Amino acid sequence: MKKILLTLAIIATAILTFSACSEKKADEANNFSIHRGTNLSHWLSQSEERGEARRQHIQEDDFERLEQLGFDFVRLPIDEVQFWDEKGNKLPEAWELMTNAINWAEKHHLRTIVDLHIIRSHYFNAVNEGDDSGNTLFTSEKSQQDLINMWYQLSDVLKAYSNDSVAYEFMNEPVADDHEQWNQLIVKVHKALREREPQRTLVIGSNRWQGYETMKYLKVPEGDKNIILSFHYYNPMILTHYGAWWTPIGKYTGKVNYPGVLVSKEDYEAAPDTLKPLLKDYLTQEWNIDKIRADFADAIAVAKKYDLQLFCGEWGVYEPVDRELAYKWTKDMLTVFKENNIAWTTWCYDADFGFWDQQKNDYKDKGLVDLLTEK
């Protein structure tokens with residue numbers, strides 16, 4: 001009888017110890033450590049390429065190049081329309097390309113953030129384009145469950161990768177009317193993913209286009225060490241999006257200054273009357289490294305509050321922008337990132353904000369690369 005009791009006691013102790021270790025493991029931070037990266041945009045997201053053109057767009061040599069340049073991770077945007085048809089059936093080729101990319105990243109010592117960029121129930125630019133009737137994510141239980149189901153299917157494939165290698169950004173640039181709508185959805189998706197993957201790093205951004213100014217309204221589950229907080233930053237837009245056809249401010253063709261007051265009184269007076277309301281702030285506000293520091297303050301405070309890594313997932317300058325101005329702004333951004341241990345991914349690698357030209361197989365902006373890689 002004593003032997004039986006002793007055996008039962010040993011078993012019970014082992015179960016309790018295993019349970020405690022499991023709980024402790026779920027609470028501990030993994031080794032998904034990031035610093036310098038770029039977005040592999042306009043490939044599995046925001047692109048009409050299919051078939052051979054899509055297959056050839058990103059290859060292993062791209063990851064080899066990024067490793068050699070000193071990048072340590074990539075953000076990989078993916079869109080629902082490339083991965084599932086309208087009936088919810090998986091489209092196999094995109095899944096193969098995604099896993100190829102992650103495998104190549106691992107081979108070349110790069111970590112990957114898989115970013116669900118655009119879904120059918122939510123497109124971040126719909127509001128700007130004047131029709132957000134299709135944005136049902138924050139008003140429909142079905143749309144929210146569809147989002148969770150997409151992540152269940154992604155998890156089924158991606159859970160094979162180490163927690164130290166792959167992270168999930170379950171929503172890009174949420175645009176909810178009320179900040180609490182986004183906070184409540186965070187709770188739902190976080191709970192669903194944690195039931196399947198207790199230690200996977202989750203990247204969570206702020207409401208309203210992942211704006212730095214809305215970080216103070218963000219609520220994240222406390223006690224979870226495997227969360228990275230994300231914001232995006234393209235200010236001042238008159239500089240970073242100069243000449244960008246898709247934005248109203250991109251129609252301005254006058255001179256821009258940086259650092260300092262961005263638009264002179266003379267250039268303001270010469271601008272079309274339709275643009276003057278957009279230019280007023282740039283006429284009086286000084287933009288420089290201290291302005292960037294001030295803009296980042298709320299985001300930095302939130303990261304400190306939760307004791308979590310802060311990450312700027314998108315920032316960059318449109319290709320036609322004067323390179324001297326672009327470099328000055330980029331230097332200031334990098335300085336503030338370094339001062340505050342903020343990880344970052346540029347927007348982007350090879351598209352219209354990028355530094356690599358896939359068609360020419362050469363750098364289109366070596367000066368920018370040298371800045372980013374501290375050469």
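Visitor: Is the crossing of H5 and H6 left-handed or right-handed?
Guide: This is a predicted model, in which local features need pLDDT of at least 70 and side-chain atom pairs count only at pLDDT 80 or more, while totals for chains, interfaces and linings use all residues. Residues are numbered from 1 along each chain as its sequence is written, and side-chain values use heavy atoms, with hydrogens and water left out. A crossing is left-handed if the near helix is turned anticlockwise from the far one by less than a right angle, and right-handed if clockwise. For H5 and H6, the crossing is right-handed.

Visitor: How are H5 and H6 oriented to each other?
Guide: Helices (H or I, at least four residues) and strands (E, at least two) are DSSP runs, numbered from the N terminus; axes are lines fitted to C-alpha atoms, for helices over the stretch in contact, with angles from 0 to 180 degrees between N-to-C directions. The axes of H5 and H6 (residues 141-158) come within 12 Å and cross at roughly 50°. Angles under 35 degrees count as roughly parallel, over 145 as roughly antiparallel, 65 to 115 as roughly perpendicular and the rest as oblique. The two helices, H5 and H6, are therefore oblique.

Visitor: How do the residues of the contact of H5 with H6 divide by class?
Guide: Contact means heavy atoms within 4.5 Å. Trp-95, Met-98, Thr-99 and Ile-102 of H5 meet Gln-153, Leu-154, Val-157 and Leu-158 of H6. Ala, Val, Leu, Ile, Met, Phe, Trp, Tyr, Cys and Pro count as nonpolar, Asp, Glu, Lys and Arg as charged, and the others, Gly among them, as polar. This contact of H5 with H6 holds six nonpolar, two polar and no charged residues.

Visitor: How are H6 and H7 oriented to each other?
Guide: The axes of H6 and H7 (residues 179-196) come within 10 Å and cross at roughly 30°. The helices H6 and H7 are therefore roughly parallel.

**Barrel and strands**

Visitor: In what order do the eight strands close into a barrel?
Guide: Two strands pair if DSSP finds at least two bridges between them. The pairing in this barrel is parallel, and its eight strands follow the order S1-S2-S3-S4-S5-S6-S9-S10. Neighbouring strands of this sheet are turned against each other, direction ignored, by an average of 25°.

Visitor: Which residue in S2 is the bridge partner of Asn-39?
Guide: Strand S1 (residues 36-39) pairs with S2 (residues 73-79) in the parallel sense over three bridges. The S2 partner of Asn-39 is Arg-75.

**Rings and peptide bonds**

Visitor: What kind of aromatic pair do Tyr-233 and Phe-296 form?
Guide: Rings of Phe, Tyr and Trp (its six-membered ring) pair if their centres lie within 6.5 Å; planes under 30 degrees apart count as stacked, over 60 as edge-to-face and the rest as tilted. The count by this rule is 27 aromatic pairs. The ring centres of Tyr-233 and Phe-296 are 5.0 Å apart and their planes stand at 90°, so the pair is edge-to-face.

Visitor: What is omega for the cis peptide bond that joins Asn-235 and Pro-236?
Guide: Pro-236 lies in the loop between S6 and H9. In the cis peptide bond from Asn-235 to Pro-236, omega is about 0°.

Visitor: Where is Glu-173, which has a positive phi?
Guide: Glu-173 is not a glycine, yet its phi is positive, at about 40°. Its place is in the loop between S4 and H7.
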